[in-house]
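Hi,

Here is the structure I promised to pass on to you. Have a look at it first, and then read on for my notes.

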There are 2 protein chains.
Amino acid sequence: MKRIEGGVCAAKGYRASGVHCGIRHNKIKRDIALICSDIPANAAAVYTTNLVKGAPLTVTKQHISNGVAQAIVCNSGNANTCNANGIELAERISEMLASELKIKAEDVVVASTGVIGQPLPIEPFERGIPQLAKELSAEGGDSAAEAILTTDTAKKEIAVEFTLGGKTCHLGGIAMGSGMIHPNMATMLVFLTTDAAISAEMLQKAISGDVKNTFNMLSVDGDTSTNDMAVILANGMAGNAPVTAEGEDFTTFMEALNTVTVALCRAIAADGEGATKLLECKVTGAKDEACAKKIAKSVICSSLVKSAMFGADANWGRVLCAIGYSGAEVDVWKVDVRFSSAKGEILVCKNGASVPFSEEKAKEILLESEIDILVDLGDGEACASAWGCDLTYDYVKINGDYRT
Amino acid sequence: MKRIEGGVCAAKGYRASGVHCGIRHNKIKRDIALICSDIPANAAAVYTTNLVKGAPLTVTKQHISNGVAQAIVCNSGNANTCNANGIELAERISEMLASELKIKAEDVVVASTGVIGQPLPIEPFERGIPQLAKELSAEGGDSAAEAILTTDTAKKEIAVEFTLGGKTCHLGGIAMGSGMIHPNMATMLVFLTTDAAISAEMLQKAISGDVKNTFNMLSVDGDTSTNDMAVILANGMAGNAPVTAEGEDFTTFMEALNTVTVALCRAIAADGEGATKLLECKVTGAKDEACAKKIAKSVICSSLVKSAMFGADANWGRVLCAIGYSGAEVDVWKVDVRFSSAKGEILVCKNGASVPFSEEKAKEILLESEIDILVDLGDGEACASAWGCDLTYDYVKINGDYRT
């Protein structure tokens, strides 16, 4: 497994573009992205469980139902959610793109992100879509990665190279996500492309299985978005013998996928709205995985833990508190807690009670920008990780006047 | 039902005091409180469901198991939680107080609030308890209300007068709570006193029933504390015929209790850490109460809704989003949302979609310090309220360096 450049265009047969079409008032930022496979690709996706769903999700779900897609179009600045004519608009966007690219409208994945409940004008799409088609290129991944961002401060893209049956394959992805992040059986907007040949069924199995340990273990602010979606396209252009069942090749593919999704999770958490630190809670010694997951997620979601991390305060009592209300059955008198970063590791709680530790050393560790909160339950072999970020003044600032 | 002065000393036969004993480094703030009934009283309580529990809760639960208590002692500054010798300390504190007051140690309710996991020295209690006993008076409710506070900026006390069987009765209470507030089948530290005669069994029924609609519908930051506890003492000194079963008197008593607990809920939410606004989400038109409660609490807990309220931004899409992920079954296309305050009321969402509204008027409404978020589900007759506050820079500031 090798990390490579190229993001969503790293795999063979994919081109992308990103332009400014005027959905966002900011006149410079690209606000619409296109990713396109040269040939129809197998496709799979997972979606938010929020009952309030963006109209694009309904349309995409229908388009992907036959396991095939060829292009992904995504705008930022407006979520096309809680709009009475939202589905009609999403269908119209698909048709405009299909006609421009000379592909089928039902092979278009359509996605939107931004403010909920504001009317979405069609004019920017009429301007933007021809331009997107014109600028499509194998070097366009960067522009697409930029165009899907909202309050994000950094592009999120990654790609890997791996081998299936002697053939070199690639898998890359881009993501947007900074606030309203607490995926539930789904994820943020994540678009993945691969040239590996894999059946639509196994592709769905791969992404559905993977998100349980990656995007579903990520939280910036506990708010599950209405527009979460992760889509993967597999166009088979690597020429490998198609993956149609579990086995060695599927395992390799899952590893490649996981490498990409974990990297995107970390990138989303690190760029959480207002965040100054990436937090990872690693739970070990759990009696089962469900227990480990509940605890990792409870710790990563605690506003008090997040605020303490912002202040570089080794307030481990709040970690214990979040373990206690996680809903997992634990013997709190067996729990050890450590904080760790590039500056070292420090034990702050042993068997659920305080141990003497150097506040100075703890501060040094917690002043770093990537912090691991290590929880050992001393009760078994299962483990899990969750990702999040600190809670800062800027989170409040960003969200106090997001619309204006 | 009449609101009266006197807080926890409003009822006959109760005295209280609050002094500084040195648990907190702040040399001025009172940090230990005593509430005492002249005679043994019937007692009932509810506790946090956090698996990590403060040692005082274990001791209090045991002491109250016979339905009788006479005194409540509570310190702030240290939660006596995650301390290996915590239970021993809580027992020792009960014994010291009992010996000072010449009552039984098993009639003492002991409570602590403050930092979790720091060693608790006994010396401050040795100094403070005799002083508390000496200063006990019918005018001491104020001092006790102050002594139990942590990051709170205001005392929380209230009392009411009501009639049972022709006899004038009183019920009053004090509360502490500002952060780590998301009670779950329990509450923050709340101490209630009444001179009504009511059996221990009915008293437990009253408080267990009441908290479901009051303290369990309150959230400042989604963190369920390790030390939550609500205790009520009823010494019977009003001379009414004891309430021993459901009926008119019990209903009157429940009304008095609810008046006090709702007022304390509102006071806690309004004084949430860093809060500038009290928020109440009132859900109507639900098909059942469980559905209404889930939605009210989901909206009040959303970091994005809370941040928008801080910024006086009528971002109703976030309200819809929180309804959608609440776990309640709703038809989102029937939902209306209004914002309301002393400056008026404004409809911002009709049938799950945007309606034109004056942003100027919305801003004027949302700049007030008490905001109602009104959600009508259009799907039935059930309703529920939840209380919370906005998320502000100061929440982060307070919790970024709480220990130091």
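Below is what I found, starting with the two chains together and moving on to some local details.

Please keep in mind that this is a predicted model.

**How the chains are related**

Chain A can be superposed on chain B with an RMSD of 0.0 Å, using a turn of 180° and a shift of 0.0 Å along the axis. That is the relation of a two-fold axis. If you want to find the axis in chain A, go to Y393(A): its C-alpha is the nearest to the axis, 2.4 Å from it. Both copies use the same surface, as 100% of the contact residues of chain A recur in chain B.

**The contact between them**

Chain A brings 54 residues to the contact, and chain B brings 54 residues as well. On the side of chain A that touches chain B, the elements that give two or more residues are α8 (303-310), α9 (316-324), β13 (353-354) and α11 (393-400) of chain A. Of these, α9(A) supplies the largest share, with seven residues. By residue type, this side of chain A divides into 25 nonpolar, 24 polar and five charged residues.

**A helix with a buried side**

Which of its residues are buried? They are M202(B), L203(B), A206(B), I207(B), D210(B) and V211(B). These residues cover an arc of only 155° around the axis, so they sit on the same side of α5(B). The elements covering them include β3 (32-47), β9 (229-234) and α6 (248-270) of chain B.

**An alanine with a positive phi**

Most residues other than glycine have a negative phi. A312(A), although not a glycine, has a positive phi of about 50°. You will find A312(A) in the loop between α8 and α9 of chain A. Is A312(A) buried or exposed? It is buried, with 21 other C-beta atoms within 10 Å, where 20 or more count as buried.

For chain B, the notes on this residue are as follows. A312(B) has a positive phi of about 50° and is not a glycine either. Its place is the loop between α8 (303-310) and α9 (316-324) of chain B, and A312(B) is buried, with 21 other C-beta atoms within 10 Å.

Best wishes

Technical notes. Residues are numbered from 1 along each chain as its sequence is written. Chains are lettered from A and ligands numbered from 1 in the order in which they are written. This is a predicted model: local features need pLDDT of at least 70, side-chain atom pairs count only at pLDDT 80 or more; totals for chains, interfaces and linings use all residues. Copies are superposed by least squares on the C-alpha atoms of residues with pLDDT of at least 70 in both. Two residues are in contact if their C-beta atoms, placed from the backbone, lie within 7 Å. A residue is buried if 20 or more other C-beta atoms lie within 10 Å of its own, exposed if 12 or fewer, and partly exposed in between; C-beta atoms are placed from the backbone. Helices (H or I, at least four residues) and strands (E, at least two) are DSSP runs, numbered from the N terminus. The arc is that of the directions from the helix axis to the C-beta atoms. Ala, Val, Leu, Ile, Met, Phe, Trp, Tyr, Cys and Pro count as nonpolar, Asp, Glu, Lys and Arg as charged, and the others, Gly among them, as polar.
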